[in-house]
Amino acid sequence: MQVVIAGGHGQIALRLERLLTLRGDSAVGLIRNPEQAGDLASAGATAVVLDLEKATIDEVAAEVRGADAVVFAAGAGPGSGTARKDTVDRGAAALLADAAERAGVRRYLLVSSINATTEPPADPEDVFQVYLKAKGDSEADLRRRDLDWTVLRPGGLTNDPGTGTVALAPSVPRGRVSRDDVAAVLVALLDDVRTARLTLELVGGDTPVDEAVGALVG
């Protein structure tokens with residue numbers, strides 16, 4: 001399997017790249033900063049320098065063409081303002097979807113947030129509210145497309161070691177989840193196209209990852 005990951009230097013993305021390459025798959029990470037390429041190489045991934053805030057559809061399509069799936073794991077990151085929450089968390093996600101459609105790549109996984117919403121933020125200057133709105137809008141955009149999309153909504157993210165057990169369903173109680181386990185769930189979702197067109201919430205739990213994914217489609 002060849003997987004192209006937007007936000008290839010993100011904490012979840014690096015974990016995903018490592019899991020994919022360890023089992024013999026090919027991971028390509030899209031990054032803005034060429035200085036990050038070494039970290040992707042250490043994870044076994046190929047780095048492609050491409051700024052999704054500036055790239056054209058054709059430029060992105062050229063990088064995803066031939067892939068089996070794309071994963072949007074990008075984010076404007078801590079310290080970014082409200083404008084970049086929209087241009088990255090919404091705009092870049094839509095650009096990747098446009099490019100996937102043009103390149104004929106049907107499988108698209110979106111890493112969103114458990115509290116994503118399409119409701120206007122009560123405070124338009126509240127960066128986190130704007131972030132959740134951008135995530136909600138990116139989900140809504142994806143659902144309108146003829147792609148084999150899956151939306152994954154993790155709870156509060158931690159850097160704790162993964163447990164390999166989760167709670168995964170269209171709705172789960174609010175909680176936290178390790179980035180290790182998010183990456184493991186993404187791999188399992190990539191392996192089962194029957195999870196297409198599902199929106200799933202994810203927190204730590206007691207069910208092994210493969211069983212949790214299998215229960216969704218079994």
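## Close-up views of a predicted model

The crossing of helices α1 and α6 is right-handed. This model is predicted.

**View 1. Helix α1 packs against helix α6.** The axes of α1 (residues 11-22) and α6 come within 8 Å. They cross at roughly 55 degrees, which makes α1 oblique to α6. From α1, the contact takes in Gln11, Ile12, Arg15, Leu16, Leu19 and Leu20. From α6 come Arg179, Asp180, Val182, Ala183, Ala184, Leu186, Val187 and Leu190.

**View 2. The largest nonpolar core has 34 residues.** Which members touch the most others? They are Ile5, Leu16, Val71, Leu152 and Leu168. Helix α6 gives the most to this core, with eight residues. Leu16 also belongs to the α1 side of the contact in View 1. A second, separate core has 31 residues, among them Val4, Ala67, Leu96 and Tyr108. In soluble globular proteins, nonpolar side chains tend to be buried together.

**View 3. The surroundings of Leu152.** Set aside residues up to four places away in sequence. Leu152 then touches Leu110, Val111, Ser112 and Ser113, among others. Its partners also include Leu168, Val182, Val185, Leu186 and Leu189. Leu200 and Leu202 touch Leu152 as well. Two of these partners, Val182 and Leu186, are listed on the α6 side of the contact with α1.

**View 4. Helix α4 packs against helix α5.** Helix α4 spans residues 82-103, and helix α5 spans residues 127-143. Their axes lie 8 Å apart, at an angle of about 15 degrees. That angle makes α4 roughly parallel to α5. The crossing of α4 and α5 is right-handed. On α4, the contact uses Thr82, Lys85, Asp86, Asp89, Arg90, Ala93, Ala94 and Ala97. On α5, it uses Val127, Val130, Tyr131, Ala134, Lys135, Asp137, Ser138, Asp141 and Leu142. The residues of this contact divide into eight nonpolar, two polar and seven charged.

**View 5. Val193 in its loop.** Where is Val193 found? It sits in the loop between α6 (179-191) and β10 (198-204). Is Val193 buried or partly exposed? Its relative accessibility is 48%, so Val193 counts as partly exposed. Beyond its neighbours within four places in sequence, Val193 is in contact with Arg107 and Asp148. Val193 and Thr150 are 43 residues apart in sequence. In space, their C-alpha atoms are 8.9 Å apart.

Technical notes:
Residues numbered from 1 in each chain as written. Predicted model: local features only at pLDDT ≥ 70, side-chain atom pairs only at ≥ 80, totals over all residues. Heavy atoms only, no water. Helix = DSSP H or I, 4+ residues; strand = E, 2+ residues; numbered from the N terminus. Buried < 20%, exposed > 50% of the residue type's maximum accessible area, 1.4 Å probe, protein only. Contact = heavy atoms within 4.5 Å. Core = buried A, V, L, I, M, F, W, Y, C linked by side-chain atoms within 4.5 Å. Axes fitted to C-alpha atoms, helices over the stretch in contact; angles between N-to-C directions. Parallel < 35°, antiparallel > 145°, perpendicular 65-115°, else oblique. Left-handed = near helix turned anticlockwise from the far one by under 90°. Nonpolar A, V, L, I, M, F, W, Y, C, P; charged D, E, K, R; others polar.
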